[in-house]
Amino acid sequence: MTTTARPPAVAGSFYRGSAPRLRSAVRELLASAPEVSPSVSTRMVIVPHAGHIYSGPVAAFAYRIVAAESPARIALIGPSHFVAFDGLAAPDHEMLATPLGAVPVDPVIEELEKAGLVRRSETAHRREHSLEVQLPFLQTALDTFTVAPLLTGDEDPGPAAQALAHMLDAGLFVVVSSDLSHYHDHDTASRLDAATAELIVGLREAELDRYSACGRTAVRSALRVAADRGWGCELLDLRTSGDTAGPRDRVVGYGAFALGPSPSS
């Protein structure tokens with residue numbers, strides 16, 4: 001594993017490229033999101049991963065909860081958009097960098113690698129944005145933390161569910177990265193995403209199809225773990241890019257969800 005930090009791939013495009021402007025933009029997104037009190041003791045969240053001006057207002061709902069929980073170790077899991085592979089891929093770096101600084105990679109990755117659940121791939125992570133766009137939110141919401149970044153390469157949620165269960169048991173807080181429907185008109189997307197949100201809240205992971213969410217494998221793995229543990233899931237926000245910063249004729253759907261045990265359990 002290289003001792004250098006993975007450099008940011010989408011700074012200046014998916015989010016602000018300078019530290020002061022990025023910090024200010026993320027703080028504004030967090031401040032604009034209402035504080036929510038989910039009915040679960042949140043241990044996992046599902047957040048979108050588009051450019052901050054598009055999906056950031058939705059993601060901020062979940063990151064307000066992350067800030068309140070203040071975890072010291074974060075698991076990040078999302079889809080690989082550019083490189084095909086089987087199983088799960090971790091970066092071949094000791095840190096991940098954004099304009100706000102470098103975040104250490106959590107040692108749980110070594111445990112998962114030894115267990116045969118994860119392999120290292122600098123290639124898979126080199127251009128990928130699905131995890132990177134989450135880091136500025138975490139760097140703004142939290143003081144110090146480590147991150148366990150994993151990309152899913154195929155549609156089998158089994159290995160990812162095993163990895164998430166291991167990381168939850170090790171005390172990590174899980175952030176699942178996924179957008180919802182893609183490139184429908186706003187009304188169609190809103191209808192499709194409402195149906196997808198119903199499946200997610202109901203933990204009906206097997207009913208999610210490949211068109212419902214680009215991070216379907218990661219989402220399914222989280223829902224499987226939640227169902228196995230008797231946890232619940234709550235919808236925090238559901239919008240499209242037509243609601244936030246884009247036109248309404250061809251939109252991407254965004255949802256934020258909280259998952260965890262009920263307070264009484």
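The core has 84 residues, and Tyr63, Ile77, Leu150, Met167 and Ile200 touch the most other members. Helix α2 (residues 52–69) gives this core its largest share, 8 residues. Helices (H or I, at least four residues) and strands (E, at least two) are DSSP runs, numbered from the N terminus.

A quick word on where this comes from: the model is predicted, so local features need pLDDT of at least 70 and side-chain atom pairs count only at pLDDT 80 or more, while totals for chains, interfaces and linings use all residues. Residues are numbered from 1 along each chain as its sequence is written, and side-chain values use heavy atoms, with hydrogens and water left out.

Back to Ile200. Contact means heavy atoms within 4.5 Å. Not counting residues up to four places away in sequence, Ile200 touches Ile46, Leu180, Leu208, Val219, Leu223, Cys233 and Phe257.

**A strand wrapped up on both sides**

Next up is strand β9 (residues 173–177). With 5 of its 5 residues buried, β9 is largely enclosed by the rest of the structure. In a regular strand the side chains alternate between the two faces of the sheet. In β9 both faces are covered: Phe173, Val175 and Ser177 are buried on one side, and Val174 and Val176 are buried on the other.

Which strands pair with β9? Strand β2 (residues 44–47) pairs with β9 in the parallel sense over 4 bridges, and β3 also pairs with β9 in the parallel sense over 4 bridges. Two strands count as paired if DSSP finds at least two bridges between them. If you want to find the pairings on screen, look for Val45 opposite Val175 in β9, and for Ala75, whose bridge partner in β9 is Val174.

There's a hairpin to look at too. Strand β5 (residues 93–98) and strand β6 (residues 101–104) pair in the antiparallel sense over 4 bridges, and the hairpin they form has 2 residues between the strands. Within it, Ala97 has Ala102 in β6 as its bridge partner.

**Helices that cross**

Now for two helix pairs. Axes are lines fitted to C-alpha atoms, for helices over the stretch in contact, and angles run from 0 to 180 degrees between N-to-C directions.

For the cut-offs, angles under 35 degrees count as roughly parallel, over 145 as roughly antiparallel, 65 to 115 as roughly perpendicular, and the rest as oblique. The crossing of α1 and α2 is right-handed; that term applies if the near helix is turned clockwise from the far one by less than a right angle, and left-handed if anticlockwise. On the α1 side, Leu22, Val26, Leu29, Leu30 and Ala31 meet His52, Gly56, Pro57, Ala60, Tyr63 and Arg64 in α2.

In the second pair, helix α6 (residues 158–169) and helix α8 (residues 216–228) have axes that come within 8 Å and cross at roughly 55 degrees. That makes α6 oblique to α8, and the crossing is right-handed. Here Gly158, Ala160, Ala161, Leu164, Ala165 and Leu168 in α6 meet Ser221, Ala222, Arg224 and Val225 in α8.

| Residue | Relative accessible area | Class |
|---|---|---|
| Ser130 | 0% | buried |
| Leu203 | 17% | buried |
| Leu192 | 31% | partly exposed |
| Ser70 | 48% | partly exposed |

Ser130 sits in the loop between α4 (122–126) and α5 (135–141). What is Ser130 in contact with, leaving aside its neighbours within four places in sequence? The answer is His49, Gly78, Pro79, His81, Leu151 and Ser177.

Most residues other than glycine have a negative phi. Ser70, in the loop between α2 and β3 (73–79), has a positive phi, near 50 degrees. Leu203, in the loop between α7 (186–201) and α8, has a positive phi near 60 degrees.

Finally, Leu192 lies in helix α7. Leu192 and Pro159 are 33 residues apart in sequence and 28 Å apart in space, C-alpha to C-alpha.

How values were computed
A nonpolar core is a set of buried Ala, Val, Leu, Ile, Met, Phe, Trp, Tyr and Cys residues joined through side-chain atoms within 4.5 Å. Buried means under 20% relative accessible area, exposed over 50%, partly exposed in between (1.4 Å probe, protein chains only).
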